[in-house]
Amino acid sequence: MEILRELEEKWQRRWREARIFEADPDPSRPKFYITVAYPYPNSPQHIGHARTYTLADAYARYMRMRGYNVLLPMAFHYTGTPVLAMARRLAEDDKELIKDFTEIYKVPREKLNELTDPLSMARYFHEEIKEGMKRIGYSIDWRREFTTIDPQYNRFIEWQFRKLLQAGYITRGSHPVGWCPKDGNPVGQHDTVGDVEPEIGEFTLIKFKHDDWILPTATLRPETVFGVTNIWLNPNAKYVKASVDGEKWIVSWECAEKLTYQNHKVTVLEEFEGKHLIGKDAHNPATGKNVPILPAEFVDPKNATGVVMSVPGHAPYDYVALENIKVNKQYLEEYGISAELVESIKPISVIEVPGYSEIPAADVVKRMGIQKQTDPKLEDATKEVYRHEFHNGRMRAEIEKYTGMSVAEAKERVKHNLISEGKATVMYELLNRPVKCRCGTECVVKIFKDQWFINYGNKQWKDLAYKCLERMRILPEELRTEYLYVIDWLREKACARKAGLGTKLPWDPEWIIESLSDSTIYMAYYTIAKHINAYGIRADQLTDEVFDYVFLGLGSAAEVAAKTGIKSSILEEMRREFMYFYPLDSRHSAHELIPNHLTFMIFNHVAIFPENLWPRQIVTNGHVTMEGTKMSKSFGNIIPLREGLARFGADPIRLSVLGTAELLQDADFSPAVAKAMRDRLERLYRLVSEISKGQLEEELGPVDRWMLSRLQGHILRATESMEKLAVRKVINTILFELEHDIQWYQKRVKNSKNNAPFKTLREVLNIQIRMLAPFAPHISEELWEMLGGKGFVSKASWPEPDEAKVDFKAEEAEAFISNLLEDTIDIQEATGIKPKKVFYYAAASWKWRVYLTALEMASAGKLVQGNLIRKLMEDPNLKAKAREVAEFAGKIVDEVNRTSTDRRHRLLKIGVINEVQLLREAEEFLKAELNAEVHIYAEDDPAINDPKNRAHLAKPLRPAIYIE
């Protein structure tokens, strides 16, 4: 471990001194521009964060080795309320947060008071995160670093928003937004605990009536109102009678408060428990019929109105609840409800669906074996019914005015008609509640007046976003449909708030642009941040004309220079740099940013930049779990990145977060995995130390040719996987499959009397180290230097397969020995015999003629035994032993048919393999491995010693074996 830590410091210093990751325009080389989401500095990064950043870095390092001029920059996202909320909690002496800071993040207690200032906190964790990124070895060009509250960056965002306003994409009006009642601000994903994006749904409140009081049932499916059999209320919840916009309503206590955020005038008149209404009736305004009010403890008073209409024919939850309550007579008696009344309630069918009975909910519930309301399968049942009804369902003939109408159309028509008749209204609710603000307050939906929005619902804008997405490479490709879905449903998005850090809205400075809106095109700013930092360009010099010239080519450098005082040569340099590195080649983030940031990036690029500058690729990955469990402070399993680096080392952590899962999956980190990776690196270090001292002259033997041939396959597979960023496969190839071959090679040449092993292993290790370099750069640099490599391995070329070294015959020959040894050991273990002598019998030459004929015939189509035998009988020598030939042919037909096409072609190209010669060359190796005498014969050898008559069992590539 000490060795690894010393290597990290050594090579990070050398990289820094040589400035090898600073990327400047170079017309002689192709460029590759990669960015990864810049972090929020409101806490240190932990090992879970390392996956996304390490993947981007490994990709950057790989592309450098492929000859690209790679730019990987980094900045820090101070915008928004997360830092403010954290600093406020610290100032309020939040014991839980103080414990997190001191015990998990190891913040010195004497620092806590200083961190109650938001900017001080941001700067503290900014440096903490930056140091972690350096310590883990990210190949970042730090000359381009900035924060989103730098005045120069503010000017850039102002320019962006003026462009959006000019294009008609900024609107002002009243729209529902996620809202923190305590902070008095809209909230987005970056403002919530756990980075949860508030999902807002529009509920239709259908005004059922009890006496003079309205019971507004909240539903997402107003078209099913014709199938209501009863109302559900929670008997133990607190409800209120209230005046809502002059109407007399009964809703949950929580709903009364929520309604005030949605511009309703609410006066609470009376509070009572729900049980007081159980057993009463409610009037359905759509059918004119009365339905009973029944008890249901599953009704959540915090969700919408706390009043639920029951449609058991089309809602699996309602169907199961009704069936459950029918058998719970004692429960009904508590509320004075007649069991006969409830028993008489039958589901009402209002929608016809192909493939289902009149009661689709019952069909699905019974098929899935659901019996209780707590069964998690109910969620899947609900989705199935709704999906089929929405896409394939038609309103039944009995539903007048809507007969035969599709469910999609009826949903909107019913809602519109009920609202226009005063029988319904709408309410907004968070579909994924509870969502908590970082200050700890549960968020609600607020209808915000005079709020500024980015109108992602603009059809022409959506069409451009679709066009961009169609051209882009999406990794993993399976997630392309998610982007399409998000582009489709995106509507107005609140883009500014009254509090927090960030850029003021240029035409209305009371508002501050929020964090998911000022982080969509900052990739362009990186290209000029270097010049702004190096030349000391002031914020007041960065006018819209500067950005128009640099990013859009509008105007001339001389005109802009005259107006701003920035030298025209600097402006031209900025323009050249932007045009060299743009468009963005690869954007990296986690999956959960698809519904917002990543899709917003597409929208904003197509709004501002010409088509040739639209982003080319997005790469997303899953999370990191800790020993199979989600990383969470509550589980006590969060390891801050810098602590992890101290415990396990940079390269082992890099390999651990990338080597245990492909992009779509969550990677599972554990100390055991990190230790295993460290052990492998240390074994590699010892091997290189040993090999680097050997001589290189000597001719190569068959086993050397096998090793070098196998190496070419490993290079090919690693490269193909890396191009798809299937990094788990790449690491498996480099550290496991290739190492397995190296270990076999070492065993085979252990007693070699020449220096060929040193020559071969140096070549193998040279390539292994280069392929390992993007993932474990520190030890790779050291090993590269030990082997005499020139310069930095970080700038060496990625290996390419050498077809001249591909030797299929050598590979088949070595597979022959390996399989034979494995078969022998299997027999030994199965019989319990400790062998003194092992006899091997290679197949007779006529069997090879039969085998190759079978392979050739199978290449033209499925091999049939009869056809094979007829073909073989055309050979007089084989016909002379027709019985033996036919018997042997019958034994190999299935085996040949199972042989892959590639291997059949390979074996036919190789032809007959002299197995006796191979066995004699490997005789000493086999003796040593088996600790026994080894006797080798051809099956048709006149001098054969075959005491148990085993030789006739020999097949090509599978000698017969006898142990005594």
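Helices (H or I, at least four residues) and strands (E, at least two) are DSSP runs, numbered from the N terminus. The model shown is predicted, so that local features are drawn on only at pLDDT of at least 70 and side-chain atom pairs only at pLDDT 80 or more, whereas totals for chains, interfaces and linings use all residues. Residues are numbered from 1 along each chain as its sequence is written, and side-chain values rest on heavy atoms, without hydrogens or water.

**View 1**

**View 1. An antiparallel open sheet of 4 strands.**
The order of the strands in this sheet is E4-E3-E17-E19, and their pairing is antiparallel. Strand E4 (185-186) and strand E19 (492-494) each have a single partner strand, so one side of each is left without a neighbour in the sheet. Strand E3 (residues 170-180) and E4 run antiparallel and are joined by 2 bridges, and Cys180 has Asn185 in E4 as its bridge partner.

**View 2. Strand E8 between its antiparallel partners E9 and E10.**
Strand E8 (residues 238-244) is joined by 7 bridges to strand E10 (residues 266-273), and the two run antiparallel; across this pairing, Val240 stands opposite Glu271 in E10. A further 6 bridges join E8 to strand E9 (residues 247-252), again in antiparallel fashion, with Ser243 opposite Lys248 in E9. The hairpin of E8 and E9 has 2 residues between the strands, and in this hairpin Asp245 takes a positive phi near 55 degrees.

**View 3. The largest cavity and its lining.**
A cavity is a set of points on a 1 Å grid over the protein atoms alone where a 1.4 Å probe fits but cannot get out, and its lining residues have an atom within 4 Å of a point. The count comes to 2 cavities of 30 Å³ or more, and about 50 Å³ of space lies in the largest cavity, a volume being the space filled by probe spheres set on the points. The largest cavity is lined by Pro44, Gln45, Glu128, Ile129, Gly132, Met133, Leu641 and Arg642. Helix H5 (118-136) and helix H21 (641-648) each supply at least two residues of this lining, and the largest share, 4 residues, comes from H5. By class, the lining of the largest cavity has 4 nonpolar, 2 polar and 2 charged residues (Ala, Val, Leu, Ile, Met, Phe, Trp, Tyr, Cys and Pro count as nonpolar, Asp, Glu, Lys and Arg as charged, and the others, Gly among them, as polar).

**View 4. The second largest cavity.**
About 30 Å³ of space lies in the second largest cavity, whose lining is formed by Val36, Tyr53, Leu72, Met74, Tyr138 and Ile140. This lining has 6 nonpolar residues, with no polar and no charged residues.

**View 5. Ser709 in helix H24.**
Ser709 lies in helix H24 (residues 702-723) and is buried, with a relative accessible area of 1%; buried means under 20% relative accessible area, for a 1.4 Å probe and protein chains only. Leaving aside residues up to four places away in sequence, Ser709 touches Lys805, Val806, Asp807, Phe808 and Glu811.

**View 6. Buried residues of helices H11 and H22.**
In helix H11 (residues 360-368), the buried residues are Pro360, Ala361, Ala362, Val364 and Val365, and these pack against helix H8 (316-326) and helix H12 (377-392). Just after H11, Gly369 takes a positive phi of about 70 degrees. In helix H22 (residues 650-659), 10 of the 10 residues are buried, so this helix is largely enclosed by the rest of the structure. Among the buried residues of H22 are Asp651 and Arg654, together with Ile653, Leu655, Val657 and Leu658.

Technical notes: On a 1 Å grid over the protein atoms alone, a cavity is a set of points where a 1.4 Å probe fits but cannot get out, and a pocket is an open set with protein on both sides within 12 Å along at least five of seven lines; lining residues have an atom within 4 Å of a point. Two strands pair if DSSP finds at least two bridges between them. Buried means under 20% relative accessible area, exposed over 50%, partly exposed in between (1.4 Å probe, protein chains only). Contact means heavy atoms within 4.5 Å.
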